[in-house]
Amino acid sequence: MSTLAHTMMTAARSADSGLAGPGGLDRYSYAETPGAERVGAPTWESADPELGRVGRRAAGSRGRGLHGQLVQQLGQMIVSGDLGADRPLVPEEIGQRFEVSRTVVRESLRVLEAKGLVSARPNVGTRVRPVSDWNLLDPDIIEWRAFGPQRDDQRRELSELRWTIEPLAARLAAGHGREEVQQRLGDMVEIMGHAMGQGDSLTFARADAEFHSMLIQVAGNRMLEHLSGIVSAALQVSGGPATGCDRPNETSLGHHARIVEALAAGDGAAAEVAMRQLLTVHPEVERVVPSPREH
């Protein structure tokens, strides 16, 4: 096994165990203190039972410390609809409900405001914004939607977006033949093959995400490059057989390898075709990605 493969498999195991992998974020599980039920602000508990219900959910948080946990909790509540549009968010009530300081609440609301989920205005306060104002390309919002009531729509939309972005990126990447990038993409295919043989789906997924993100980044289009994080998020939350990447198998691996071969040959058309074949849906979910139209 190559050193790169060993490193990625080690990192994948660390992530799976809840430990931070190389360069990764610390992971915390949200757990309220024993007195949380008694201290919760009555406004939150009685005015809307859903607020208390969601607040008591055990959930992993990708952020750091209390700030990251609160962003995760409030973000999930807004995206799931438990905190509806135009709902006022009173910092004091949030602080009491989640037992965090005013500073933590303030910084968390600023993050949510940057994502378009809430707005803060003088004499009006902080309110939840409608879906039309959300930054739907934000990786956190993608994740929250993918595991909430909108999961089916989110995964379909992500698959359709990938179908639009990645074949073009593959074609463009063939015109930017950089040997070191092609080698790196080949390494990802090698890692995926080894992981598949070991039954290590987590390492396969990490290498797959790296492959697709890297391919977009070398397409030579800065606007496409900004979308690489969206593709990574889409792969992480796919949660079903929406594309060939969702099921590690020889066919999927072969399509990845053919993309690398086409890039090495500078054949943009072949790279695009191989990517479309990779993204072709399975029969049971044929509606997810539209088939290319015949002209």
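This is a predicted model: local features need pLDDT of at least 70, side-chain atom pairs count only at pLDDT 80 or more; totals for chains, interfaces and linings use all residues.
Reader: How many helices and strands does the protein chain have, and what makes a stretch count as one?

Author: The chain has 15 helices and five strands. A helix is a DSSP run of H or I with at least four residues, and a strand is a run of E with at least two, both numbered from the N terminus.

Reader: Why are helix 5 and helix 7 called oblique to each other?

Author: Helix 5 (residues 65-80) and helix 7 (residues 102-114) pack at an angle of about 50°, with their axes 9 Å apart. The axes are lines fitted to C-alpha atoms over the stretch in contact, and angles run from 0 to 180 degrees between N-to-C directions. Angles under 35 degrees count as roughly parallel, over 145 as roughly antiparallel, 65 to 115 as roughly perpendicular and the rest as oblique. The angle of about 50° belongs to that remainder, and the two helices are therefore oblique.

Reader: Which residues make this contact, and what kinds are they?

Author: Helix 5 contributes L66, H67, L70, V71, L74, G75 and I78, and helix 7 contributes V104, V105, E107, S108, L109, V111 and L112. They divide into 10 nonpolar, three polar and one charged. Here Ala, Val, Leu, Ile, Met, Phe, Trp, Tyr, Cys and Pro count as nonpolar, Asp, Glu, Lys and Arg as charged, and the others, Gly among them, as polar.

Reader: Why is L89 called buried?

Author: Buried means under 20% relative accessible area, exposed means over 50%, and partly exposed lies in between (1.4 Å probe, protein chains only). L89 has a relative accessible area of 3%, and is therefore buried. This residue is found in strand 3 and, not counting residues up to four places away in sequence, touches L83, I94, L109, V118, T126 and V128. The C-alpha atoms of L89 and L109 are separated by 9.1 Å, with the two residues 20 apart along the chain.

Reader: What makes A173 count as buried or exposed?

Author: A173 has a relative accessible area of 5% and is therefore buried. It lies in helix 9 (residues 151-173). Leaving aside neighbours within four places in sequence, A173 is in contact with L215, V218, A219 and L263.

Reader: How do you know whether N123 is buried or exposed?

Author: N123 has a relative accessible area of 86%, and is therefore exposed. N123 lies in the loop between strand 4 (118-121) and strand 5 (125-128), and its phi is near 65°, a positive value in a residue other than glycine.

Reader: Where does D86 lie, and what is its phi?

Author: D86 lies in the loop between helix 5 and strand 3 (88-89). Its phi is near 75°, again positive in a residue other than glycine.

Reader: What percentage of the residues in the protein chain is buried?

Author: Buried residues make up 46% of the 295 residues. In helix 6 (residues 91-98) they are E93, I94, G95, R97 and F98.

Note on methods: Residues are numbered from 1 along each chain as its sequence is written. Side-chain values use heavy atoms; hydrogens and water are left out. Contact means heavy atoms within 4.5 Å.
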